[in-house]
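Hi everyone, thanks for coming. I'd like to walk you through one structure today, so please have it open while I talk.

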Amino acid sequence: MTASASSLAQLLEVRHVTKRFPGVTALSSVSLMLGTGEVLALIGENGAGKSTLMKILAGVQEPDEGELLIDGRIERVDSVQTAQRLGIALIHQELNLSDNLDVGANIFLGREPLKRGFIDRQKIREDSTTLLKRVGLDVSPDTIVNRLPIGQQQLVEIARALSINARVLIMDEPTSSLSTHEAERLFEVVKDLRQKGVSVIYISHRLGEVRELADRVTVFRDGRNAGDLSREEITHDRMVQLMVGRDISQFYARKPHKAGDVVLQVDGLRTQAHPDHALSFSVRSGEVVGVAGLVGAGRTEMLNVLFGVDPAVAGVIQVDGKLCRMSSPRDAIAAGLALVPEDRKQQGLVLEMTVRTNIGLAGLKKNQKAGGFLNDAQEGRDSAAMIEKLRIKTPNERQIVQYLSGGNQQKVVLGKWLSMQPKVLLLDEPTRGIDIGAKQEIYLLMEELAEQGVAILFVSSEMEEILGMSDRTLVMHEGRITGELQGEELSEEAVMQLATGNVAAAVAG
Amino acid sequence: MKKNLGILGLFAVVFIVTAVANPSFINAYNLENLIRRSSLYGIIGIGVSFVIITGGIDLSIGSVIGLVGCALPWLMIKHEFPVAAAVPLVLLLSLVIGLGHGLLITRLKLQAFVVTLCGLLFYRGFGRWLTSDATMGFARDYEGLRKLAIGRIPLGELPFIGRFNLPVPFLILLVLAVLAAVFLNRTVYGRYLLALGRNEQAARFSGINTTAMVVLAYVICSVVAGFGGLLFALDSNSIQPASFGNFYELYAIAAAVLGGCSLRGGEGSIFGVMIGAAIMQLLYNSINLLGIPTTLEFAIIGAVILAGVITDEIVKRIAAKRRAVLQARQAVV
Amino acid sequence: MKRLSLLLSLLLLTTLGCSNSSQTGPGGGTSTGGGDNAAAGPKVAYVTNGIASFWVIAEKGAQDAGAEVGANVVVRMPPNGVEDQKRMCQDLLAQGIDGIAISPIDPDNQGDLLDEIAQHTNLITHDSDAPHSARKCYIGMDNYSAGRMCGQLVKEAMPDGGSVMIFVGRLGQANAKLRRQGVIDELLDRSEDSSRYDDPNAGEIKGEKYTILDTRTDGFDFGKAKAQAQDAIAKYPDLGCMVGLFAYNPPLMLEAVREADKVGRIRIVAFDEDEATLQGITDGAIYGTTVQNPYQYGYKSVEILTALAKGDESVIPEGGFINIPARNIKSDNVADFWAELKRLTATEKAGSPATEESNAATSEASATEATEAETDAAVKSESATE
């Protein structure tokens with residue numbers, strides 16, 4: 001395969017593409033080649049720039065610099081329609097099907113063949129049948145999409161891509177929601193397409209899949225090319241090295257913590273998202289425990305169950321040795337837990353309300369006066385204290401939270417919980433989308449809280465954060481805790497191995 | 001108060017125009033009528049604003065009014081229940097209705113629109129069946145109880161308008177409004193309602209029992225509607241089960257929206273709702289007093305309300321722009 | 001309390017149980033008297049234009065006639081106007097019916113519905129006519145002359161002239177238009193011409209002695225009807241007389257006048273025989289009322305439909321109009337009239353003399369008694385269908 005790919009003319013070439021967003025350079029002069037009938041795996045950590053490049057190829061965004069060549073000609077891909085005309089189709093991680101319509105309608109959505117002004121159902125049916133056969137899916141075109149299992153829906157998406165005569169198929173994490181069996185079925189289809197001359201750019205975190213499928217691997221890191229691997233060079237370790245491979249900054253200089261008694265003890269916890277795996281761990285007072293893993297590893301689900309947002313399927317949660325039933329966030333708060341959720345705007349804040357109101361929201365009941373009246377004075381004291389302590393940049397406490405920057409919004413969420421003086425602080429991606437200064441402030445705050453004896457459990461997808469902040473790291477993979485790393489064992493490679501499910505390599509490393 | 005300036009202005013304009021065009025508008029008798037009607041509609045408007053604040057809707061108000069309106073004389077006249085039993089009974093009935101709405105919406109996750117739309121049909125039909133569709137009334141009995149709706153408290157001579165009597169429903173409205181405003185703005189539960197109306201998820205993540213609060217809002221709405229139905233029945237004294245209270249939910253919702261409640265939830269002012277209800281009744285009154293054909297009245301009311309809402313929106317945008325400019329300046333400094 | 005227990009049992013029986021009783025309409029559908037022979041007789045329908053106590057009396061007449069002539073009578077009262085009436089009629093046709101007597105809400109524009117009924121079964125009109133339809137006959141009064149009779153009452157109540165307000169539910173239907181025109185023409189001493197029409201939006205109509213200030217419609221909204229009476233009192237401090245053309249208008253006008261403390265100063269002239277209206281006349285607060293004979297509307301309608309169903313066309317008179325004349329009721333004859341009315345609407349089977357009913361119409365609480373009597377009858381008929 002490799003031989004044929006290199007000997008053939010390049011179908012697609014990306015030359016020195018740069019893409020900037022306000023405050024960030026997402027892609028910095030990246031290049032990429034794709035031959036006809038080649039499967040190219042594109043890998044990299046979260047935020048390495050893979051999705052941005054895919055959006056550029058699919059015509060969703062235009063590059064600031066650089067060019068795209070197709071069949072050796074420079075093309076401007078300024079819209080999804082242009083991309084489709086050039087034969088590039090993108091299959092999103094989240095499927096883009098109208099699941100209330102039937103298979104045929106989905107394949108031809110927006111390009112319905114007409115006959116005397118009406119949709120030509122007969123033609124849809126015939127053409128769909130042919131396309132479905134190509135992807136090896138044996139269902140009637142009249143089946144409503146939501147009746148199909150998720151793996152077959154994915155094949156419908158591929159059939160749709162083929163219906164526009166796609167020559168380049170971009171698949172973004174296609175197996176993230178598939179079962180093993182469904183994934184294998186998908187690999188067969190991909191291999192078959194390659195045989196028929198379709199080129200595939202395959203984005204995945206699952207290095208095992210990459211090893212099985214890819215003719216070549218391109219690695220991105222921090223929006224740059226980090227290296228290429230040819231078929232023979234593709235090994236798990238090489239890929240991980242290329243994906244991480246950089247110094248840990250001095251950003252996280254911190255003192256070692258003196259861990260106290262166990263505050264949070266979790267035994268045999270099963271979440272609805274991954275009921276097959278039981279989670280057991282503990283967090284001590286004054287300890288900072290990081291939870292690493294790839295997107296979809298079940299980390300947010302675990303925090304939500306701990307905080308009573310979602311019900312647990314099974315398991316025991318103890319706080320300070322006392323058994324707690326977390327049937328709602330109220331129970332969790334009463335037990336001394338606090339959660340800074342992943343989705344700040346939807347779950348952390350009431351955006352249209354003031355800084356003061358948001359800070360006071362969790363403590364309303366605790367501080368209420370007789371008869372359920374608001375304790376205005378206490379709310380004022382709390383909000384003033386938090387604005388000062390957390391250095392929230394706001395004109396005044398009556399400012400509507402919506403108008404604050406991301407970092408300051410996050411501080412408001414933290415302020416809300418700190419005013420409750422929690423024993424356990426759960427943080428879900430606490431520094432996502434905030435600037436570097438605010439990030440460091442939040443790290444310092446975590447330090448300070450740990451010193452005061454708060455038990456901190458934080459989920460992060462940023463490797464540096466995990467390495468720099470945690471006393472101990474739990475690594476999750478597909479709903480399981482695949483390992484626990486501490487002290488010397490804690491390295492980027494080890495985390496990456498465990499996060500991609502390679503337990504043996506991590507232990508060896 | 002500040003955010004109700006627009007609607008207050010609208011009220012003043014219509015008031016002054018009518019007063020100038022027809023001097024009998026400001027005579028005591030007409031003002032008493034106007035105040036009584038505005039109060040009755042204001043009461044049900046306050047009820048529904050609780051539901052609207054949570055981002056919900058209650059379309060069944062008119063039918064609850066109809067049901068209570070005919071259940072009350074049905075109990076008192078036909079079954080000779082004493083007032084002390086009949087009144088609590090009908091209020092309990094509306095409480096159960098509100099509880100039902102709240103539980104269906106929060107527990108079964110049905111849409112409020114659907115639940116209360118079915119309620120609209122169900123309670124209407126139920127009331128008609130209960131009373132065999134016969135027109136009900138208190139004849140000339142129960143003068144004491146009827147004072148709640150038609151009673152008047154003499155205030156003596158007032159400048160310009162002469163001997164003035166304050167309709168009792170206005171006092172009821174005032175008491176209810178003060179209670180509602182205190183509840184909404186001074187208690188933790190009011191704060192819960194406002195927070196969950198804006199962002200239910202964030203409220204839940206902050207430890208608020210959003211389910212209980214939503215149920216509470218529907219209970220408040222239905223009980224107040226039932227109480228309003230009682231007053232409407234005592235006022236009109238002629239209750240036809242098929243039509244009594246028809247469309248009143250729309251008057252109540254319009255009053256709440258005019259008064260600054262956002263149908264998206266999380267926003268509402270009790271004072272605004274009172275003015276909103278008063279504007280609707282003022283318009284009806286003006287149309288009659290100015291001799292505008294009845295056939296035009298819906299068109300006029302629709303147009304005036306729309307004009308009010310548009311003005312309000314424009315004023316808000318200008319304010320938002322100003323704030324943005326101000327912030328930009330602060331940021332520069 | 002019967003209804004309370006019935007309610008409980010119905011809740012248990014759920015929809016199946018009550019679909020039966022609701023099918024037959026308020027007040028019970030199948031005749032109360034001739035149960036056995038009714039089952040074998042023709043099934044005829046009596047459709048009103050809305051819900052009012054007026055129609056309760058008509059229903060009584062219809063049921064009585066049903067028992068008398070051996071017909072199965074279904075009464076339908078559409079609460080929400082034309083669409084409702086159409087739906088009810090089409091449902092009746094779908095069920096199979098041997099004749100429909102209807103009071104068309106909007107005869108000029110309901111041609112399609114009336115044709116549809118006439119194609120399937122015998123169609124007659126009552127209360128309000130549809131002369132251009134294929135109806136076999138019209139049972140009712142001449143609304144224009146009734147309007148003039150009502151105008152006569154206004155003249156008597158206010159012999160020295162004055163201002164008059166007219167209140168009516170809807171002006172769309174012919175009977176309302178004609179009554180209003182009759183009142184106006186009588187007050188202006190115009191010649192008899194029922195085709196004349198004064199636009200209600202044209203403002204004041206000034207005559208020599210009488211001025212018709214305005215006509216307000218309320219669309220059957222009771223709250224609004226009362227509000228409009230109040231607004232008229234506010235707008236015209238020296239208003240002389242209020243005329244209510246639909247049965248529910250006068251009681252609400254009376255409420256408004258009472259609350260304004262203007263009983264006697266503003267005279268009230270009514271149409272139809274609502275309990276509260278009759279009470280008002282007895283008390284002297286209402287000058288008089290022009291009454292139709294709804295009992296006879298119902299009775300005659302069923303009688304004629306039954307005959308037609310049996311193939312007897314001879315009941316149709318020349319010209320197709322069966323006149324049930326109107327009467328004026330004032331303080332001197334209200335007691336007798338009311339007693340008669342109560343006899344007609346009494347719970348006993350039609351035909352058996354209601355001797356236990358005293359003919360001295362004591363005013364006290366008679367309204368409630370009558371309501372109770374009606375609802376009791378309803379309970380009985382419904383229990384019978386259970």
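Predicted model: local features only at pLDDT ≥ 70, side-chain atom pairs only at ≥ 80, totals over all residues.

Let's begin in chain A. There is an open sheet here with 4 strands, paired antiparallel, and reading across it you get β14-β13-β16-β17. At the edges sit β14, residues 279-284, and β17, residues 322-324, and each of these pairs on one side only. From one strand to the next, the twist averages 20 degrees.

Now zoom in on the pair β13 and β16 of chain A. Strand β13 covers residues 262-270 and strand β16 covers residues 314-319; they run antiparallel, and 5 bridges join them.

What lies across β13, β14 and β16 of chain A? That's helix α10 of chain A, residues 299-306, and it runs at about 115 degrees to β13(A).

Chain A also has an open sheet of 6 strands, and here the pairing is mixed. The order is β18-β19-β20-β15-β21-β22. Strands β18 (337-340) and β22 (480-486) of chain A stand at the edges with a single partner strand each, so one side of each has no neighbour in the sheet. Ignoring direction, neighbouring strands of this sheet are turned by 20 degrees against each other on average.

Within that sheet, have a look at β15 (residues 288-293) and β21 (residues 472-477) of chain A: they run parallel and are joined by 5 bridges. As an example, A:G290 has A:T473 in β21(A) as its bridge partner.

Two helices of chain A pack on this sheet, and I'll take them in turn. Helix α16, residues 406-418, touches β18 and β19 (424-428) of chain A, and its direction makes about 170 degrees with that of β18(A). Helix α19, residues 492-499, touches β15, β21 and β22 of chain A, and its direction makes about 30 degrees with that of β21(A).

Over to chain B, for a helix pair. Two packed helices are described by the angle between their axes and the distance between the axes. For helix α6 (residues 143-150) and helix α7 (residues 168-186) of chain B, the angle is about 65 degrees and the axes are 5 Å apart. Angles from 65 to 115 degrees count as roughly perpendicular, and α6(B) and α7(B) are therefore roughly perpendicular to each other. On the α6(B) side, the contact is made by B:K147, B:L148 and B:A149, and on the α7(B) side by B:V168, B:P169 and B:I172. By class, that contact has 5 nonpolar residues, 1 charged and no polar ones.

The largest cavity has a volume of about 260 Å³. It is lined by 21 residues, and B:R37, B:Y41, C:G223, C:K224 and C:A227 lie nearest its centre. The elements giving two or more residues to this lining are α2 (28-53), α10 (210-236), α11 (248-258) and α12 (270-289) of chain B, together with α8 (222-235) of chain C. The largest share, 7 residues, comes from α8(C). By class, the lining of the largest cavity has 8 nonpolar, 6 polar and 7 charged residues.

The second largest cavity holds about 170 Å³ of space. Its lining has 16 residues, and the closest to its centre are C:N49, C:A52, C:W55, C:F246 and C:A247. In chain C, α3 (53-69) and α7 (174-187) each supply at least two residues of this lining.

Technical notes. Residues numbered from 1 in each chain as written. Chains lettered and ligands numbered in written order. Heavy atoms only, no water. Pairing = 2+ DSSP bridges. Axes fitted to C-alpha atoms, helices over the stretch in contact; angles between N-to-C directions. Contact = heavy atoms within 4.5 Å. Parallel < 35°, antiparallel > 145°, perpendicular 65-115°, else oblique. Nonpolar A, V, L, I, M, F, W, Y, C, P; charged D, E, K, R; others polar. 1 Å grid on protein atoms, 1.4 Å probe; cavity = no way out; pocket = protein on both sides within 12 Å on 5 of 7 lines; lining within 4 Å. Points joined across faces, edges and corners; volume = space filled by probe spheres on them.
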